[in-house]
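Me: I would like to go through the labels attached to this structure one by one and ask what each of them rests on. Please set the value against the criterion each time.

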Amino acid sequence: MTPGDGEALCHPEVLARLASLLPLPEPRAPGAKREPLPEGRPVQAAAEALAIVEALLAQREYPRIVERHGLRFVCYLADEWEWGSPPLVHVQAWDGEMWRDLAEVAGRLAP
Amino acid sequence: MPVKLADFRTTEKSWWCPGCGDFGVLSALQKALVDLQKEPHEVAIVAGIGCSGKIGNYINCYNIHTTHGRTLPVATGLKLANRRLTVIAAGGDGDGYAIGMGHFMHALRRNVDITYLVMDNHVYGLTKGQVSPTSDAGFVTKSTPSGNVEHPVRPLELALASGCGFVAQGFSGWVPQLIELIKAGVQHRGFALINAISPCVTYNLVNTYDFYRERLKKVEDLPGYDPTDRAKALQAVIEHDGLLTGVLYRREGPSYEDQLPGFRAEPIVEQDLHLAPEEFEKLLAEFR
């Protein structure tokens, strides 16, 4: 792992994209009944996305996999398997039979 | 120019599931070839059918994608045609230990100088999860909804019993060890079996990375383990139910092609295969 991998995956846009995929409570609509953590969702989700990236990067053996909130996150570092590729996080959901990709979130490499 | 990892990389987008054990095997193979400073044109992958058979597409060297179970005869022919090539046969447990079992048994005893890298995930992944020859008894799949009633093939025991001169097992979650095993297998003169435990993250939720990390032992951690003692190797494999990694057994000696009378070292394409007219006539006269 290089420092570039961490920077690329901790880019605000990458964390925001990951956060948007987390199945945390949605913000409360005007007039709706108060649910747990309503206004706190963006902050909570962003913090959780960062925690997931840190957990992925902390792993030293193949594969880098973390399961949180019923989702599986699989991380490949830059150039780890495909030449010229940025670091990548596969976000997967269990469909009752297998883990399927919900999204592929690519890290932002410095220009 | 020294060979670099980039020399063995391709731009082919991977087809494997995220987290597939085959990525670990691919990475180990590429790094081993770089460590050995093999040029891509000196290496040929002969791959079988199955998820693992795609490995040849993801590594920049010669690649023959054979029919199901036929990696070993094709690899044997390739090696005999060009002894200078580093020939690596690669496939899965279904390809090698089911439909390819007949070839496997004879390759073990024939001892042609090829390295056989088996990505063993205990399941048929490409066809969406059926029982494979190495699946454990009781394993529930789409083809065994009440649990597998067969006992698994034990490739390490088979290889040891059949006189294979290099028997090793690695784990795709332990890439550094697997690199060293592949290097040793490639350098071994003769047939080298490397059974690489390569978890399927999609269709085998029993034999997972955690399952193996909790159970696998390295042979170098067994007190007094001697990889040149075949009987003790067999005993250790049986006692640990095959859950060992490392070089389990090695025996030095001539390969098949070393022992063939009149077999030349240079590749067929570099040999002068023309017959002088008088030699041809002499040969013809023998059949008149």
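Me: What makes B:W174 count as buried?

Reply: This is a predicted model, and in it B:W174 has a relative accessibility of 12%; buried means under 20%, so B:W174 counts as buried.

Me: Why is the pair of B:F171 and B:W174 called edge-to-face?

Reply: The ring centres of B:F171 and B:W174 are 5.3 Å apart, with the planes at 85 degrees; since rings pair within 6.5 Å and planes over 60 degrees apart count as edge-to-face, the pair is edge-to-face. B:F171 is itself buried, because its relative accessible area is 0%, and both residues belong to one aromatic cluster that also includes A:Y62, B:Y209, B:F211 and B:Y212.

Me: Why is the pair of B:W16 and B:Y58 called edge-to-face?

Reply: Here the centres of the two rings, B:W16 and B:Y58, lie 4.9 Å apart and the planes stand at 85 degrees, and as the limits are within 6.5 Å for a pair and over 60 degrees for this class, the pair is edge-to-face. It links distant parts of the chain, with B:W16 in the segment before α1 (21-35) of chain B and B:Y58 in the loop between β1 (43-47) and β2 (62-65), 42 residues apart. Both B:W16 and B:Y58 are buried.

Me: How do you know that the radius of gyration of chain B agrees with a compact globule?

Reply: For 288 residues a compact globule would have a radius of gyration near 19 Å, and chain B has 20 Å, so the two agree. Of those 288 residues, 54% count as buried.

Note on methods. Residues numbered from 1 in each chain as written. Chains lettered and ligands numbered in written order. Predicted model: local features only at pLDDT ≥ 70, side-chain atom pairs only at ≥ 80, totals over all residues. Heavy atoms only, no water. Rg over C-alpha atoms; globule rule 2.2 N^0.38 Å. Buried < 20%, exposed > 50% of the residue type's maximum accessible area, 1.4 Å probe, protein only. Phe/Tyr/Trp six-rings, centres within 6.5 Å; stacked < 30°, edge-to-face > 60°. Helix = DSSP H or I, 4+ residues; strand = E, 2+ residues; numbered from the N terminus.
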